[in-house]
Amino acid sequence: MAISIRVNGASREVAAEPDTPLLYILRNDLALNGAKFGCGQAQCGACTVLIDGKAAYSCITPLSAIGTSEVTTLEGLGTAEKPHPLQRAFMDEQAAQCGYCSNGMIMMAKELLDRTPRPSEGDVRTALAGNLCRCGTHNRIIRAVLRAAQALGRT
Amino acid sequence: MHAPKLNRRQFSAGLSASLGAIVIAFTLRPEGALAQAAPLPGSLNNNRMLDAWIRINADGTATVFTGKVELGQGILTALAQIAAEELDLPLARLTMISGDTGLTPNEGVTAGSQSIENSGTALRLACAEARAVLLELAAKGHGWSVDTLTVSDGVITGPNGNKVSYGEIAAASAGELHREATGKVKPKPAGAHKIVGQSIPRQDIPAKVTDGAAYVQDMRLPAMLHGRVVRPLRYDAKLESIDEAKIKAMPGVVAVVRDGSFLGVIAEREEQAVNARAALAASARWSGGRDLPDPSQLFAHLKSLPSQDSVIGVKQASAPALASARTLEASYTKPYMSHASIGPSCALAQFKDGQYTVWTHSQGVFPLRAELVKALKVPANMVRCVHVEGSGCYGHNGADDVALDAALLARAAPDRPVRLQWMRDDEFAWEPYGAAMIMQAKAALDAEGRIADWQYELWSNTHSTRPQSTSGANVLAAWSLAEPQKMGPPQGIPQPAGGGDRNSIPLYDFPSQRVVHHFIAEMPLRVSALRTLGAYANVFAIESFMDELALLANADPVAFRLAHLKDPRARAVIEAVVEKANWKPGEKSDGLRGRGIGFAKYKNLACYVAVVADVEVDRQSGVITVPRMYAAVDAGLIINPDGLTSQIEGGIVQSTSWTLKEEVRFDTNGIRTRDWSNYPILTMPEAPKVDIALINRPGERSLGAGEGSQGPTVAAIGNAFARATGKRLRDLPFSPAKVKAALA
């Protein structure tokens with residue numbers, strides 16, 4: 001059956017069962033690479049997207065739960081050529097090794113900065129507590145979020 | 001930006017077919033000839049043609065080939081820096097092609113902090129020689145003398161100011177690099193480096209933080225199907241029955257694939273494959289399977305197994321230690337640890353016209369192919385393995401296994417590519433773990449409080465059951481097919497690098513010492529290479545014991561180490577970290593806070609790292625926190641300072657996680673670690689801040705650093721805890737329960 005959802009500002013029709021996890025719709029039907037499969041159980045944060053500006057685990061969010069809400073993915077923030085200040089800051093801080101967790105870190109940080117434009121380091125650490133990083137890039141990620149906050153504050 | 005291009009061949013079937021022709025251009029020497037040839041440095045020795053490494057294109061760009069692969073460690077950027085430096089080409093004009101059995105040199109696996117040393121050495125020499133060939137051709141063509149020529153950005157300038165570009169030379173004289181390397185052209189001296197030594201931004205990061213297709217997980221080929229596999233709860237269980245008709249009738253299911261006890265499903269859509277997997281798992285009946293040891297008796301069990309014992313690192317003092325010497329004994333343990341990649345392993349496979357193409361994040365596409373060929377029973381030229389980056393692996397995780405799984409599924413759906421990503425529990429329960437280990441140390445102090453005698457024994461399984469085994473096949477599914485392959489025989493890795501005994505010989509200068517490695521062939525749990533192999537546990541034991549001995553000698557831990565250490569580079573990193581951390585000898589603890597030091601020269605062959613940790617102990621909850629760590633590193637000539645820093649700090653944070661939290665859970669009936677709730681790792685609020693001092697040694701060769709900081713880190717944390725509380729933790733991980741028991 002066809003279901004219509006709004007993703008990154010556009011309306012998209014997808015032919016899938018209503019109980020399909022949003023993650024698979026984004027990746028396979030809409031060819032959006034940002035959100036990643038990590039655990040399928042809301043334990044690692046790799047699949048994080050924003051739904052009406054609130055961070056959500058797309059791996060456990062069924063398609064049917066989206067309704068008229070606006071889904072924002074990493075692609076909705078910016079591109080390699082025209083990156084969002086958060087993406088720019090991750091590049092400037094070289095805040096990725098394997099980078100598989102980057103999507104979740106950036107999307108969770110987006111929610112944080114929308115809510116708290118001038119976060120402390122502690123705020124950043126707390127906000128990203130549910131996002132696992134295995135390469136040990138934690139300090140660079142924290143620096144990148146703080147750098148992005150500064151950059152956003154200037155604009 | 002200066003970034004060279006990442007080759008994207010894997011995403012375009014047409015391009016990969018056309019590039020496939022290049023393979024003929026660098027046929028390797030026959031093996032017989034290899035035996036007689038003069039040895040060449042690094043990986044050049046086994047891949048001796050210049051154009052196996054470097055090709056100059058008519059448009060003035062260069063294509064650089066390496067058998068090493070990007071694992072998130074930044075290696076392709078570092079190798080590109082080396083190649084661009086020697087060629088005198090801007091980085092942006094380089095295209096890197098890596099890890100493809102159809103295109104690149106065979107450099108085995110990307111592991112052991114050896115890529116800069118092996119591939120980097122080969123590329124440095126090959127590119128220096130290629131540049132010399134280009135200069136010679138330019139000189140010959142224009143009647144110039146070679147020593148009058150200068151090169152800038154790929155343009156050669158003659159004595160009269162006339163110019164000729166690399167591209168023009170390549171166009172006029174194709175195939176000139178198809179010659180055997182001599183290894184005799186001297187690379188640039190460090191003082192002349194313009195690109196090497198710079199913190200060039202990583203070429204792979206922009207795609208990873210934006211909309212790029214950065215991973216094998218992101219590949220999306222036309223007509224692609226989705227696969228999933230089903231495995232039993234117990235190792236070696238036999239598949240008795242499934243309700244195949246029921247699963248086949250599920251929406252989107254294309255095939256149920258069963259071969260012996262290998263079981264999988266293919267569907268049109270990913271969620272359909274996931275649903276079919278769940279139904280298949282519920283319907284599958286298994287029998288038998290192997291009991292695991294009682295985890296509470298694990299270490300006694302391991303020691304009870306037969307072992308092959310080797311005595312290494314023996315030093316005999318001219319005079320035996322005095323009978324009145326003070327002695328100390330201690331025993332340390334390390335549990336099984338998981339690689340715990342954030343993204344479960346993934347592969348794509350396509351079976352078309354009798355040929356398999358497998359896109360994989362394996363650390364070694366050639367060794368993987370050797371195993372696939374055995375399991376699939378096809379000749380090697382019918383399997384092509386192409387590396388595409390995956391989630392970080394930190395050693396031998398499920399990457400190779402999932403590649404065979406995907407190929408077995410693809411065989412059941414000819415022509416259509418099949419994408420298989422393992423589920424979280426597939427990865428946690430079936431990957432090969434880092435081996436559990438036991439270390440026992442005994443030492444005697446002389447009257448001056450110096451170590452007079454050192455005795456050390458360790459017990460461990462193998463630390464590598466990687467693909468390309470000497471017999472059988474080291475890929476999971478191969479063992480359970482209807483016509484199975486045996487698991488390859490477990491093997492040690494010889495000293496000086498060592499496997500379980502890696503870093504078991506102390507770098508300190510003791511007058512008398514003896515190290516015994518008890519290699520246990522039988523593996524109760526599946527194990528293989530996890531970052532540092534045995535070094536993490538051996539450095540933990542040696543460096544903890546050094547602190548215990550310093551206490552006995554009533555000496556400061558830093559002064560005690562330096563009193564036993566002659567190697568000037570070792571002393572320099574210890575002195576540098578002491579300065580960085582503002583270490584104060586004899587500093588008193590308040591019972592809650594302490595600092596400790598750890599040191600190692602990785603493998604006794606690679607980089608030198610010293611680490612100081614500050615810890616805080618919550619005596620009520622038993623929780624140790626590590627607010628800050630300091631490190632000093634000497635990795636010889638630094639290629640990319642920020643890349644080196646990133647590897648060292650990543651190693652420190654990962655090792656902090658191993659040390660405080662990590663332990664694979666199991667009971668006699670099987671593996672219990674199946675998701676992150678039963679394998680917690682360090683989270684963002686818990687990550688220590690890290691402060692690193694790099695010591696650049698332009699006159700020394702570059703040393704691998706990806707595994708340099710993990711051993712010193714665990715030791716520094718353990719020593720800091722002991723300094724804080726007066727109690728010693730000797731069993732990893734330092735969990736709240738163990739902390740509370742120690743403080744009770």
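1. Chain B has an open sheet of seven strands in the order E10-E11-E8-E18-E15-E16-E17, and its pairing is mixed. Strands here are DSSP runs of E of at least two residues, helices are runs of H or I of at least four, and both are numbered from the N terminus. Two strands pair if DSSP finds at least two bridges between them. The edges are strand E10 (253-259) and strand E17 (383-387) of chain B, each pairing on one side only. From one strand to the next the twist averages 20°; angles run from 0 to 180 degrees between N-to-C directions, with axes fitted as lines to C-alpha atoms, for helices over the stretch in contact.

2. This is a predicted model, in which local features need pLDDT of at least 70, side-chain atom pairs count only at pLDDT 80 or more, and totals for chains, interfaces and linings use all residues. Residues are numbered from 1 along each chain as its sequence is written, chains are lettered from A and ligands numbered from 1 in the order in which they are written, and side-chain values use heavy atoms, leaving out hydrogens and water.

3. Which helices pack on the chain B sheet or lie across its strands? Helix H8 (residues 270-283) of chain B packs on the sheet and touches strand E8 (225-230), E10, strand E11 (262-267) and strand E18 (418-421) of chain B; contact means heavy atoms within 4.5 Å. The direction of H8 makes about 20° with that of E8(B). Helix H10 (residues 365-376) of chain B lies across E16 and E17 of chain B, at about 145° to E17(B).

4. Chain A has an open sheet of five strands, ordered E2-E1-E5-E3-E4, with mixed pairing. Strand E2 (10-15) and strand E4 (54-57) of chain A each have a single partner strand, so one side of each is left without a neighbour in the sheet. The twist averages 45° from one strand to the next.

5. Strand E3 (residues 48-51) of chain A is antiparallel to E4(A), joined by four bridges. Val49(A) is opposite Ala56(A) there. Helix H4 (residues 102-115) of chain A packs on the sheet, touching E3, E4 and strand E5 (70-72) of chain A, and its direction makes about 30° with that of E3(A).

6. There are zero disulfides over all chains, a disulfide being a pair of cysteine sulfur atoms within 2.5 Å. For Cys393(B), the nearest cysteine sulfur is that of Cys98(A), 9.1 Å away.
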